[in-house]
Amino acid sequence: MQKDSSVTVHYHLPGLFEFYELYRIFLSLFRIHREWFYPWCDIGSIYGAPADCLWGGGRAGFGQADSKDAFSLMEECNISARLTFSNSLLKEEHLSDKKCNGLCTLFSKSKTPSGVIVHSDLLAGYIKDRFPGLYLVSSTTKVLTDFEDLNAELRRTDFKYVVPDFRLNKSFERLNGLSQVQKDKVEFLCNECCSFGCKDRKSCYESVSKKNLGQDVPEHQCSSPKASGGYRFSLAMENPGFIGINDIQERYVPMGFSNFKIEGRSLGSALILEFLLYYMTKPEHQLQVREEIYLDSMLDLF
């Protein structure tokens with residue numbers, strides 16, 4: 001397959017609230033020194049959630065950035081913000097949460113449409129009715145590993161994007177059989193480090209949902225033999241579901257896909273920088289980007 005230089009790849013980046021200071025610097029570089037970065041990609045959105053959000057899910061939120069600062073940064077850069085509200089265990093009484101409603105109210109005012117990543121159909125319906133200006137993203141926490149389930153999710157008109165489980169990333173024959181409308185909705189998770197054969201992914205996400213609801217539950221114990229080593233990008237690259245930049249340009253873009261999600265909200269900013277360098281920065285300019293960021297005295301990369 002040949003590269004299509006006319007197609008723009010949209011990256012959806014992690015940690016709007018968690019790595020606000022990193023993005024404050026990086027987005028300035030991306031704007032001022034656009035020649036340092038691949039011309040075929042842009043930033044489709046930056047997602048995340050502040051700490052202690054009842055509706056939060058996927059990863060335990062620890063974002064400390066002020067919501068108004070995060071909002072202003074996205075407005076200044078004309079980038080879509082996404083609130084990660086993928087708690088799978090929400091009930092009717094949780095919908096009145098003041099903090100989460102306040103965040104939706106704020107980000108619904110953005111000039112570049114903001115979105116909400118959801119798992120709960122209850123929450124999806126509430127946001128659709130209460131905040132119609134916010135678009136919806138179907139969360140990867142649904143663990144859509146069956147292609148027919150993915151197909152059904154893509155047919156739902158409520159969702160602008162759908163993030164399948166990373167284990168469907170290389171189902172090329174069936175992916176290529178999707179319509180272009182469906183392909184435009186698929187958002188691939190590129191750099192997952194979770195074991196490809198993991199059977200506990202749903203229970204892991206549910207554990208986080210319970211914690212965000214204030215339930216006193218034990219920490220989920222990952223059964224992966226390499227779990228104790230933590231996230232390593234080098235290991236993620238060996239995952240059968242990994243999507244690298246050559247895969248994107250040589251396989252996915254020619255098939256008609258253009259949306260790719262980078263995970264990492266629970267990681268450190270040093271690792272997020274490595275993702276930004278690998279996926280977006282030309283190799284000959286990676287050192288310059290590192291130097292500009294390392295020399296900013298306001299940023300603690302570790």
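This is a predicted model: local features need pLDDT of at least 70, side-chain atom pairs count only at pLDDT 80 or more; totals for chains, interfaces and linings use all residues.

Biologist: Why is Q182 called buried?

Modeller: Buried means under 20% relative accessible area. Q182 has 14%, so Q182 is buried. Q182 lies in helix α7, residues 180-185.

Biologist: Which residues does Q182 touch, leaving out those up to four places away in sequence?

Modeller: N151, L154 and R155. Contact means heavy atoms within 4.5 Å.

Biologist: Now strand β3, residues 80-85. What makes β3 largely enclosed by the rest of the structure?

Modeller: Six of its six residues are buried, so β3 is largely enclosed.

Biologist: Which residues of β3 point one way, and which the other way?

Modeller: S80, R82 and T84 point one way. A81, L83 and F85 point the other way. Residues of both sets are buried.

Biologist: How do you know that β3 pairs with strand β2, residues 41-48?

Modeller: Pairing takes at least two bridges. Four bridges join β2 to β3, so the two strands pair. They run parallel. S45 stands opposite S80 in β3.

Biologist: And what joins β3 to strand β4, residues 115-118?

Modeller: Four bridges, and these strands also run parallel. At least two are needed, so β3 and β4 pair too. T84 stands opposite I117 in β4.

Biologist: Through which helix does the chain cross from β3 to β4?

Modeller: Through helix α3, residues 98-107. This β-α-β crossover is right-handed.

Biologist: Why is the crossover called right-handed?

Modeller: View it with the strands pointing away from you. The path from β3 over α3 to β4 runs clockwise, so the crossover is right-handed.

Notes:
Residues are numbered from 1 along each chain as its sequence is written. Side-chain values use heavy atoms; hydrogens and water are left out. Buried means under 20% relative accessible area, exposed over 50%, partly exposed in between (1.4 Å probe, protein chains only).
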